[in-house]
Each structure stands twice: as structure tokens, then as C-alpha cells.
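Grab your viewer and try each task before reading its solution.

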Amino acid sequence: MKVLTIILLFFLEVLLPLAIAFGFVARLRFLEKYTSKKNNTLKEIRKKDLPLFYSTDAVKIETLRKFLHIKPLKETVISRIAVKDLTLSAKYLERAVKKAPQNTKLLLLDAEIADLRHEQRRFHHIIEHVYLPRFMCPPLKAKFWHLKAKNELFQTDMMSASEHASKALKAYQKLNFEYEEAETYLTMAQIYRISGVFDVAFTMLKEAEKIYKKLNLYAKIAEVKAYFGLSEIGRENYKVATEYLENAEKICQKHKLFGTLADIENWLGLVAFLTNKYKRAEQYFTTALENAAHIPTKTFATEMLARICLKNKEPEKALKLTDQALQYAKAMQHYPSIFESLYLKAEIFYFDENYPACREILTALIKEKTPPSAIYYPANAYTLLGLVEFQENNLDMACTLFKQALDLEHSKNRLKGAAIDYNNLAELSRRQGLLPEAEIYLKQALHYAEEIEDKELIKYLKSKL
């Protein structure tokens, strides 16, 4: 009996995933129909709010396990718990990983749930230390590549992120794992959106949307609509962005997805903020803060309310809100958000001409040697510190800092940041009386502004030539 159990477990853990990968299960029609018929997990998550957890692999293995009357596997049990309660699944995972620290399946599941729970530091640590065994089933390889891509996206290593996401996508398409395929399309859309390749990002979102609609996952449909809006914000098509976001808002209201709705209100607030409608923006961010189900939503709303106060020339109020955002960021140990809040604090001190306090924060941020991220970028600290030195007439130090910022911007192909730093170098050259050099810097800044089609920046730079 024991031997039979071992053979069945080997089938479940090794042979079955390989069979799925190479399409053999598809030929065994009764198994494929059986797993599809018995899959109630998708129905369970259709009306759930974000973040959603779902694993096609776990569903298939668990359904067949019941069919074969085999003892449940630890990772599939925890996957089942994660569908209903991410926090509870994280507690079970912590214990399971302590007992089996080399179990790749458990580690990747731990990373996936950490990502969904916005535990970025934990997620990054796991992915950086997970190595796939030479012989690993295709679903697990695909999951590893996808999570690796998400980690690289957060670190702004867009080339590696794109490569790993493409590998994951091909693997999921071959496995016919539709949910995971859509999730990978969503990751690829993020990669291309942040890289400024909006047409490809749009195509990726369209592919993800098709699958989510097919699966009737309302929260994910709303999320995709919202990302369409975010892409249009990047293109400065604010009217179109608002249409997408309001569409997403209606889906959330209809299906009572209040957590996702709070995020969408944040993005609607961002559109209002970028179009200088600060009163409307304040209303959106205040509503988002009231309805927020997750700390990242609260952090963003609070930080943006601080930025509105700064725009309204209310530095004391802005400082108070920034400290609140900082507390939220520290509560979730989200270091990029912590650094971003500290940077905003430095901006407030700069506005208030409190240069010593501004310098102290920026120097500490630079000493941290924090890696680039999709939220906080170290080049910003160098740029603002350069402006502090410029204001205090320490021109050589300002020049060094602007060039250090420029090197960081070039290393990640962040053209807008590079344009701003070239403009700062032009201002510095003018102060030194080096007018030909100032013109060279301005022309380079204009070249980058034109490349990214930033109309406002182009107009500003042309007025200075």
C-alpha cells in the first residue's frame, strides 16, 4: 500500500505536470473534462476584490488528487487557503518554509503571496535566493520566470524583466494556463508602459482583458481598464485616461469592489492633479483614503494630498501629511515608499528654503545606496541636492551632483530625468557665464524632450534657447 502511495505521489508531483506541459493530459479527455467540471475555484473568486490568488496548476493537481484518493500536498492545501484568505495562507507558509527551507514550490508560493500582500522586501529577498533545480516541472518554471520578471520590473531592469516575462508567457500558453497567461500579459504591459512603449503596452492589456472577460473576473477587468487609463496618463491623454478610469469605477461600483475602487479613485485623483484641478484631486484622494483596504492605497493618497498642500503653498500641512505617509510606508516595511516619502519631505524643506534640513535628508538617502525602483529613483535625490548646492552658490558641487544624476538616468534610459538634468546643467553654465556650453546642454535637453514627446517640457526648453 505504501509503495502504491509513493508511485501515485510521484505521478502527481512529477509525471502529471510534465504530461500537462506536453499536452498528454489533453489527449486523456476524461481527465481534462473532469478537472474542468470540478473546478469551482474560479467561480469563488469571480466576485472577490483584489488582490486575487488563483493557481491553475494547484487546481488541476488538487482535483486529480481527489479523483485518485491521494493525501493532499502541502502547497496545494496552502494554495486553496490563499484563494480565500491571503493573510492566513501567509501564516501557514511561514511554518511550512521553516520546516522545508529548500522546497522550491513552497518558496515560490511564498514569494507570490508576498507580492500580492505588497510585502516587497520579502518578495525581493525570496526571488533573489531561489534557484530552480535542473529538472523542474514546466508550471513551476513558468511561475519562477514570471515572478523574476516582476522583481526585475520593480528594480527597473526592463530588459531582463521583458525577457523573463516573454519566457513565462510562452510557457503558460503551451500549458493552456489562461489565468496565468493573462497575469503575465499584465506584467508585460507594465514593463512596456514604464519603458514608454505605449502601443505595445496597449496590445498586452488588450490580450489580458480578453482572458479576464472570458473568465468573468470582474476585479481583474476593472484593473485592466484602470491600467489602460494609467497608460493614457503616461501619454498625457488625460481625457481618454479619465474615460477608462471612470469605466473601471463603474465596474467596481456595480460589483461592490471597494478596495479596487479606492485605487481607481487614487488614479482619477492623479489625473486631476496633473491637469491642475487640485480641488477635485483632493476630493478623490480623500475618498480613496476613506475607502482604502490596503496600506499602499493609503500611502499614495496621503502622499498626493501632501503634494496638493505643497502646490497650495501650505508646507506645514504638507509636512504633517508626509509624516503620515511615512508611517504607512514603515508599517509595511516598503522601503521604496519610505524613500519616496522622505524625498517628498526634502522637497517641502527645499520649498520652505530650509536647505540644511533638505540636505540632511537627501545626503542620508544617497548614503543608503538604495537600488532604483518603480516608485523611488535615487537620481532624484542627486538632482534635488544639486539644486540645494546651486541655491547656496556651491557651483562645482552642484555640477558634480547633476552629472551623477545624469549618469543614473542614462543607465536606465530615463530620458525625461536626463532632460531635466541637462537643463539644470545649462542653468549652472549660464550662472558661470559659459553661454555656448549652456546652449549645448539645452539642445541636448530639448532632444530628449522631443524624443519622449513631452509637450510642456519642449515648450519650456524652446523658450530658453
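**Exercise 1.** Is the crossing of H11 and H12 left-handed or right-handed? Work out the relative direction of the two helices as well.

*Solution.* Keep in mind that this is a predicted model. Start with the geometry: H11 (residues 158–175) and H12 (residues 178–194) have axes 9 Å apart, at an angle of about 160 degrees. Angles over 145 degrees count as roughly antiparallel, so H11 and H12 get that label. As for handedness, H11 and H12 cross in a left-handed way. Next, the contacts: H11 contributes residues including Met158, Ala161 and Tyr172, and these H11 residues meet a set in H12 that includes Glu180, Met188 and Ile194. Sorted by class, the H11–H12 contact holds eleven nonpolar, four polar and two charged residues.

**Exercise 2.** Describe how H16 packs against H18.

*Solution.* The axes of H16 (residues 258–274) and H18 (residues 295–311) come within 10 Å and cross at roughly 20 degrees. Since angles under 35 degrees count as roughly parallel, that's the label for H16 and H18. The crossing is left-handed. On the H16 side you'll find Ala262, Asp263, Asn266, Leu270 and Phe273, while H18 brings residues including Phe300, Met304 and Arg307. The tally for the H16–H18 contact is seven nonpolar, two polar and three charged residues.

**Exercise 3.** How many disulfides does a search of the whole structure find, and is Cys358 buried or exposed?

*Solution.* The search comes back with zero disulfides. For burial, the cut-off is under 20% relative accessible area. Cys358 sits at 0%, so it's buried. Cys137, at 8%, counts as buried too.

Definitions and conventions. Residues numbered from 1 in each chain as written. Predicted model: local features only at pLDDT ≥ 70, side-chain atom pairs only at ≥ 80, totals over all residues. Heavy atoms only, no water. Disulfide = S-S within 2.5 Å. Buried < 20%, exposed > 50% of the residue type's maximum accessible area, 1.4 Å probe, protein only. Axes fitted to C-alpha atoms, helices over the stretch in contact; angles between N-to-C directions. Helix = DSSP H or I, 4+ residues; strand = E, 2+ residues; numbered from the N terminus. Parallel < 35°, antiparallel > 145°, perpendicular 65-115°, else oblique. Left-handed = near helix turned anticlockwise from the far one by under 90°. Contact = heavy atoms within 4.5 Å. Nonpolar A, V, L, I, M, F, W, Y, C, P; charged D, E, K, R; others polar.
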